[in-house]
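Dear colleague,

I am handing over the structure we spoke about, together with a short account of what was found in it. Please look through the sequence and the model before reading on.

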Amino acid sequence: MFRFENPLYLWLLLVVPLLALIRFWGWRQRRRKLRKFGDPALLKELMPDVSKYRPTVKFWLLQAALALLIVMLARPQMGTKISREKRNGIETIICLDISNSMLAQDVVPSRLQKSKMLVENLVDHFTNDKIGLIVFAGDAFVQLPITSDYVSAKMFLQSIEPSLIDMQGTDIARALSMASNCFTQLEKIGRAIIVITDGEDHEGGALEAAQAAKKKGMNVFILGVGDTKGSPIPDGQGGYMRDAAGNIVMTALNEDMCQQIAQAGSGKYIHVDNTSDAQEALNDELIRLQKGETDSVVYSEYDEQFQAFGILVLLLLIIETIILESKNPLTQKWSLFKRNKKTKQS
């Protein structure tokens with residue numbers, strides 16, 4: 001497995017195209033000035049030592065050396081020792097509602113942000129478990145396939161916003177059906193589908209999807225986020241979303257529907273508010289699930305690979321030094337000799 005120990009240094013690679021643009025601009029300026037000075041063909045005869053291509057070749061050799069130096073700073077590494085470990089844990093698929101109603105702020109800082117914080121805390125409690133992530137609104141897609149890489153899970157979690165899905169609604173049935181097909185084929189292992197939603201604009205079919213997941217040995221937990229009294233939806237511009245008639249759109253937690261889905265999926269409904277009660281209740285429920293053996297591939301040793309890049313940098317710098325800015329005198333003499341020979345023959 002290949003990785004970078006300090007990947008932030010790779011942002012410095014943006015300097016390479018920037019330098020290329022600066023050089024292109026300088027070349028255009030130089031060419032414009034030469035045209036003002038005289039005829040390009042005549043200038044070429046007056047400056048026989050000037051090479052058209054050598055400066056460009058030297059520039060790109062330095063660019064390549066710079067890029068490789070930046071890669072060296074990022075410390076490229078290769079995993080050399082691979083081991084498969086048997087771990088006892090459960091498999092969990094998170095289905096996160098990202099419809100616009102999840103922007104309501106009846107839960108601080110908002111329903112969506114509170115949900116993301118809850119999932120992040122859940123991941124922090126995982127040790128030998130696997131997690132996957134599905135986002136849904138009127139449609140659904142897999143944001144993260146099931147994995148034991150908790151760092152990636154947190155990274156993907158932070159990028160989740162309602163803009164990921166254009167189709168509005170709350171199609172819990174589609175999210176449940178997709179989640180039930182995302183688990184591994186391992187046997188005798190606890191599987192949980194955790195749906196975090198406000199349940200509004202329910203598309204239908206969720207009860208049947210939860211029952212189908214139950215038959216496959218999966219427990220469906222519903223985390224209802226929000227207040228049943230309703231709350232306005234921020235529009236991102238300091239105001240609130242309005243309907244066609246100009247009235248402020250209110251969104252309320254559909255708690256009854258959430259409870260019915262959890263019951264159909266042999267799970268539990270948990271209300272998420274401004275306390276940490278939901279987090280504790282969910283952790284307790286997951287602990288009760290049967291734990292089985294899961295396979296995990298672990299790279300326990302990494303070797304530094306910067307030496308190879310260093311050798312390439314050295315070679316590029318040597319070649320750049322050898323290449324002269326002007327034409328090689330020996331080459332010029334050979335060209336002149338061939339030209340004189342052709343003249344004598346003619």
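To begin with one side chain in particular: does Lys58 count as buried or exposed? The model is a predicted one, and in it Lys58 has a relative accessibility of 10%, which falls under the 20% cut-off, so Lys58 counts as buried.

The partner of Lys58 is Glu320, and the two side chains meet in a salt bridge with an N to O distance of 2.9 Å. Because Glu320 belongs to helix H10 (residues 306–322) while Lys58 belongs to helix H3 (residues 54–73), this pair ties together parts that are 262 residues apart in sequence. Glu320, with a relative accessibility of 13%, counts as buried too.

A search of the whole structure finds ten salt bridges, and a few others deserve a description here. The side chains of Arg75 and Glu304 meet in one of them, at 2.3 Å from N to O. Arg75 sits in the loop between H3 and strand E2 (76–89), and Glu304 sits in strand E11 (residues 292–304), so that this pair ties together parts 229 residues apart in sequence. Arg75 is partly exposed, its relative accessible area being 33%, and Glu304 is partly exposed as well, with a value of 25%.

Asp124 and Lys154 form another salt bridge through their side chains, with 2.4 Å from N to O. This pair links distant parts of the chain, 30 residues apart, since Asp124 is in helix H4 and Lys154 is in helix H5 (residues 150–158). For Asp124 the relative accessible area is 44%, which makes this residue partly exposed, and Lys154 is likewise partly exposed, at 26%.

The crossing in which H4 passes H9 is right-handed. On the H4 side, the residues that meet H9 are Met117, Leu118, Asn121, Leu122 and His125, and on the H9 side they are Ala278, Gln279, Leu282, Asn283 and Leu286. The residues of this contact divide into six nonpolar and four polar, with no charged residue among them.

Terms used
Residues are numbered from 1 along each chain as its sequence is written. This is a predicted model: local features need pLDDT of at least 70, side-chain atom pairs count only at pLDDT 80 or more; totals for chains, interfaces and linings use all residues. Side-chain values use heavy atoms; hydrogens and water are left out. A crossing is left-handed if the near helix is turned anticlockwise from the far one by less than a right angle, and right-handed if clockwise. Helices (H or I, at least four residues) and strands (E, at least two) are DSSP runs, numbered from the N terminus. Contact means heavy atoms within 4.5 Å. Ala, Val, Leu, Ile, Met, Phe, Trp, Tyr, Cys and Pro count as nonpolar, Asp, Glu, Lys and Arg as charged, and the others, Gly among them, as polar. A salt bridge is a side-chain nitrogen of Lys or Arg within 4 Å of a carboxyl oxygen of Asp or Glu. Buried means under 20% relative accessible area, exposed over 50%, partly exposed in between (1.4 Å probe, protein chains only).
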